[in-house]
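Work through the exercises below with the model open beside you. Try each task before you read its solution.

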Amino acid sequence: MNIIQILNKDNLDFKDICTLLSLSNSSDIELLRQKAENVLLDYVGNNVSIRGLIEFSNYCVCDCLYCGIRKSNLNVTRFRLSEEEVLSCVDWAIEKNIGSVVLQSGECRDKETIKYITQLIKLIKKRSISTALPNGLGITLSVGEQTFDTYKSFFDAGAHRYLLRIETTNQKLFSEIHPNYQLFSKRLECLESIKKIGFQLGTGVMIGLPNQTIEDLANDLLFFKELDVDMVGMGPFIPHNQTPFAKADIDKKTNFLLGLKMISVLRLLMKDINIASTTALETLSPKGRMLGLMHGANVIMPQLTPVDYKNKYILYDDKPDIDEQKESIFGKLKINLNNINRNISFNQWGDSLHFKNKNRKQ
Ligand code: 5AD
């Protein structure tokens, strides 16, 4: 079967996905991109949803072998933003008509942290209710593995979307990149809890990990479909110099292209979900995130984290914009989006259409 025949199929199977992810010829990749872009415009539209990303703490109890803020990295100066600092980012988002925020941090499960996060959610909600945002800001959480009850208390406090990446669905590879007490089964259990509670569920993987194959990535995409997720954020793996993977032998160009192809194929598989164009793409190419959007993504998460803390939240080397103020990041983003003819959804939560469509069917 040739590429056009595959692209015109209603349901892509494992073999089709592998074929598409293996494309190397630029005209073939362009055909894939165009198809994904058409599906995006038909099902989701031209609008890009904005989430202001607030990386509020880098304390972490996990020791993921790839991550710059893993607990064993003693070079990291640990921080947690005060409530006032977070709220000042929130006020800025409101002022700029950014309709939703993501609260992200390293993973902590102690009582005090859970209380702090729950309280923050309530404060943000209360503060952001206005005529423009009658239900306040949309709040997405990305604070790792928690108990069912903790997830429930975050949901009851007002958060309504949750991101927790599975990182890879190859269980052998999962155990190679995590210490043995961090379990694949636990991650799955958390994803199920998040869904059951009623959050819009987001997950994702890293692309181009050492020993990861095209077949693994095809299985990752099929896993997203099987789990029926509402949102996906995935990006190339990039080594961090203070981790056990510092010297990982990876080909940045291949991984970058693979990142774009993963977005396109996912758009064909799950037409109405939210797909983020991630910072990791931008790390490997100056226009990486815009290219992600052109390949089928519809969400972008500009950082609102205060500059003084950004250089302490480095998950991988060469993270872009770490010295740049949010004003200038947002200004450039608007220009860049305009240049690729995409609109910004202002004062919108930008919920996953997939979530809405799913609930309509029930
Ligand atoms: N390269 C790319 N992505 C990374 N993440 C963590 N470390 C790296 C890295 N070295 C991603 C993980 C995590 C998310 C917050 O950041 O997928 O879930």
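The expected span of a helix is 1.5 Å times one less than its number of residues. Helices (H or I, at least four residues) and strands (E, at least two) are DSSP runs, numbered from the N terminus. This is a predicted model, in which local features need pLDDT of at least 70, side-chain atom pairs count only at pLDDT 80 or more, and totals for chains, interfaces and linings use all residues. Residues are numbered from 1 along each chain as its sequence is written, and side-chain values use heavy atoms, with hydrogens and water left out.

**Exercise 1. Check the span of helix 5 (residues 111-128), then find its buried residues and their packing partners.**

Step 1. Helix 5 has 18 residues, so at 1.5 Å a residue it should span 26 Å. Its end C-alpha atoms are 26 Å apart, which agrees.

Step 2. Buried means under 20% relative accessible area, exposed over 50%, and partly exposed in between (1.4 Å probe, protein chains only). The buried residues of helix 5 include Thr-113, Tyr-116, Ile-117, Leu-120, Ile-121 and Ile-124. Lys-125 and Ser-128 are also among them.

Step 3. An α-helix has 3.6 residues a turn, so residues three or four places apart point the same way.

Step 4. Contact means heavy atoms within 4.5 Å. The buried residues of helix 5 pack against strand 2 (52-57), strand 3 (100-105) and strand 4 (138-142), and also against helix 4 (83-95) and helix 6 (148-157).

**Exercise 2. Which residues of the largest nonpolar core touch the most other members?**

Step 1. A nonpolar core is a set of buried Ala, Val, Leu, Ile, Met, Phe, Trp, Tyr and Cys residues joined through side-chain atoms within 4.5 Å. In soluble globular proteins, nonpolar side chains tend to be buried together.

Step 2. The largest core holds 104 residues, and those touching the most other members are Leu-20, Ile-54, Val-86, Leu-221, Phe-224 and Met-234. Helix 10 (residues 252-269) gives the most to this core, with nine residues.

Step 3. Take Val-86. Leaving out residues up to four places away in sequence, Val-86 touches Ile-54, Phe-56, Leu-81, Leu-103, Tyr-116, Leu-120 and Ile-124.

Step 4. A second, separate core has seven residues, including Val-102, Leu-163, Met-231 and Met-301.

**Exercise 3. Is Thr-168 buried or exposed?**

Step 1. Thr-168 sits in the loop between strand 5 (161-163) and helix 7 (171-177).

Step 2. Its relative accessibility is 0%, so Thr-168 counts as buried.

Step 3. The Thr-168 side chain reaches the backbone nitrogen of Asn-170 at 3.1 Å. Beyond four places in sequence, Thr-168 touches residues including Leu-173, Phe-184, Val-205 and Asp-220.

**Exercise 4. Where does Arg-70 lie, and what does its side chain reach?**

Step 1. Arg-70 is in the loop between strand 2 and helix 4. Arg-70 counts as buried because its relative accessibility is 10%.

Step 2. A polar side-chain atom of Arg-70 lies 3.0 Å from the backbone oxygen of Asp-63. Among the other residues that Arg-70 touches are Cys-62, Arg-78 and Pro-244.

**Exercise 5. Is Asn-211 buried or exposed?**

Step 1. Asn-211 lies in the loop between strand 7 (206-207) and helix 9. Its phi is positive, about 75°, although Asn-211 is not a glycine.

Step 2. The relative accessible area of Asn-211 is 62%, so Asn-211 is exposed.

Notes
A polar contact is a pair of N or O atoms within 3.5 Å; within protein, one must be able to donate a hydrogen and the other to accept it, and residues adjacent in sequence count only if both atoms are side-chain atoms.
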